[in-house]
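Hello, here are some friendly notes to read alongside the model. Please keep the viewer open as you go through the points.

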Amino acid sequence: MSGEAKQETISAQCAIAGGGPAGVMLGFLLARAGVKVVVLEKHEDFFRDFRGDTIHPSTLEVMDELGLLDAFLNLPHEKMEHLSAEIGDRTVKIADFSHLPTVAKYIAFMPQWDFLDFLAAEGKKNPKFDLRLGADVDELLTEGGKIVGLKAATHDGDLEVRTDLVVGTDGRHSTVRSLARLEVEDIGAPMDVLWMRLSRKPEDGDDTFGRIEPGRFFIMINRGDYWQCAYVIPKGGLNQLRRNGLESFRLAIMALKPSLGARVRELESWDDVKLLSVKVDRLKQWYRPGLLCIGDAAHAMSPIGGVGVNLAVQDAVAAANILALPLLERNVTEANLAQVQKRRILPVKLTQRMQVFLQDRVISNVLSASEITEIPFPLRMLNNFPLLRRIPARIVGLGFRPEHVALPEVPRA
């Protein structure tokens, strides 16, 4: 009988499917409030390249409220107090974060795996926090029309979790929302993003670089010994780039940033170029009895503004504030779940509306242009009037409804 698959059954007050920013933060906050939580992540670790890694002032404020900011900022990171872009041969100033009413008045660039490792390590100090890596959720358990748990495949066999609430935080390709048959509204995006690495030299400088040329956006994010680069293309445009050949692609990058020189040869094949198929969507209803989706599982964001991680964290803070007491009382109702969506839907809609506006009015025009004769009007206004730069800084840095930790920490046994 030694060949039989093993099955482990555990119970928790909340089971979280997905170990991204929303899932790990929610698990940490609920455990901190005394809720028994299990977080399931299908990968064996958090190391995935080219994930969102801009930690905005709103998230840094949450870390400060948790008493973790100083320790968090001991991790390697880069700071950005101002946001600019090169359009043709002109530099345009877009946002000024230095005036925000926050402890940290800047965006921190940090690999997402460092952020998640830090949060997970803090969570593991609490016996209420159970993180299971290599646990791939593939089934929801239903009784009487209510979700009562889930199953996940692990290297050791099936894991069954019986719980009062399942929370889907498994990203824009969410298995949980598919299994729950939650209806998705596709808003659309006119672009895709190609991610790649190029080595960094000391003479390159430290600042994140952004350049806009007719038909192309190019961004370089400082990663210490390498640049994480994003090349924005029209939706579905990768096949045409491939037909033109890798050498043509290398030369296009070098034309945008001549100082890279021969480093573009580090792209040895198309395997070194990763495609992010951009999508903007949201669930019409984020919940059903016994289940809730938050973060990208509830609303996939465009990379514009780099707000995805921070909206996910804000969702987690709001969900923890609203659901901790019902979970402790073992009485989570649909009304509680609806309250989370009601709390977060306005900032999600406003942020997506802003992203769609920029997609339609700026990005689509640039990607389809053969030349840029003038800077788009909204960017001209920001460049010419410094006070206006505080508006995008506030929207990007704090969001439309910043959340704050309202839960007291329960002393650990």
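Which residues in α1 meet which residues in α8?

1. **Helix contacts.** Pro-21, Ala-22, Met-25, Leu-26, Leu-29 and Leu-30 are the α1 side of the contact. On the α8 side they meet Val-309, Ala-312, Val-313, Ala-316, Val-317, Ala-319, Ala-320, Ala-324 and Leu-327. Contact means heavy atoms within 4.5 Å. Helices (H or I, at least four residues) and strands (E, at least two) are DSSP runs, numbered from the N terminus.

2. **What you are looking at.** This is a predicted model, where local features need pLDDT of at least 70 and side-chain atom pairs count only at pLDDT 80 or more, while totals for chains, interfaces and linings use all residues. Residues are numbered from 1 along each chain as its sequence is written, and side-chain values use heavy atoms, with hydrogens and water left out.

3. **Helix geometry.** The axes of α1 (residues 21-32) and α8 (residues 308-328) come within 8 Å and cross at roughly 30 degrees. Axes here are lines fitted to C-alpha atoms, for helices over the stretch in contact, with angles from 0 to 180 degrees between N-to-C directions.

4. **Aromatic pairs.** The whole structure holds five aromatic pairs. Rings of Phe, Tyr and Trp (its six-membered ring) pair if their centres lie within 6.5 Å; planes under 30 degrees apart count as stacked, over 60 as edge-to-face and the rest as tilted. Phe-72 and Phe-115 are edge-to-face, at 5.6 Å centre to centre with 65 degrees between the planes. This pair links distant parts of the chain, with Phe-72 in α3 (residues 69-72) and Phe-115 in α4 (residues 112-123), 43 residues apart. Phe-72 is buried, at a relative accessible area of 0%, and Phe-115 is buried, also at 0%. Buried means under 20% relative accessible area, exposed over 50%, partly exposed in between (1.4 Å probe, protein chains only). Elsewhere, ring pairs join Phe-218, Tyr-231, Phe-249 and Trp-270 into a cluster.

5. Three strands make an open sheet in the order β4-β8-β5, with antiparallel pairing. Two strands pair if DSSP finds at least two bridges between them. β4 (54-55) and β5 (78-80) each have a single partner strand, so one side of each is left without a neighbour in the sheet. Between β5 and β8 (residues 107-109) there are three bridges, and Lys-79 stands opposite Ala-108 in β8.

6. **Positive phi.** Arg-181, in the loop between α5 (175-179) and β14 (184-186), has phi near 55 degrees. Arg-181 counts as exposed, at 75% relative accessibility.
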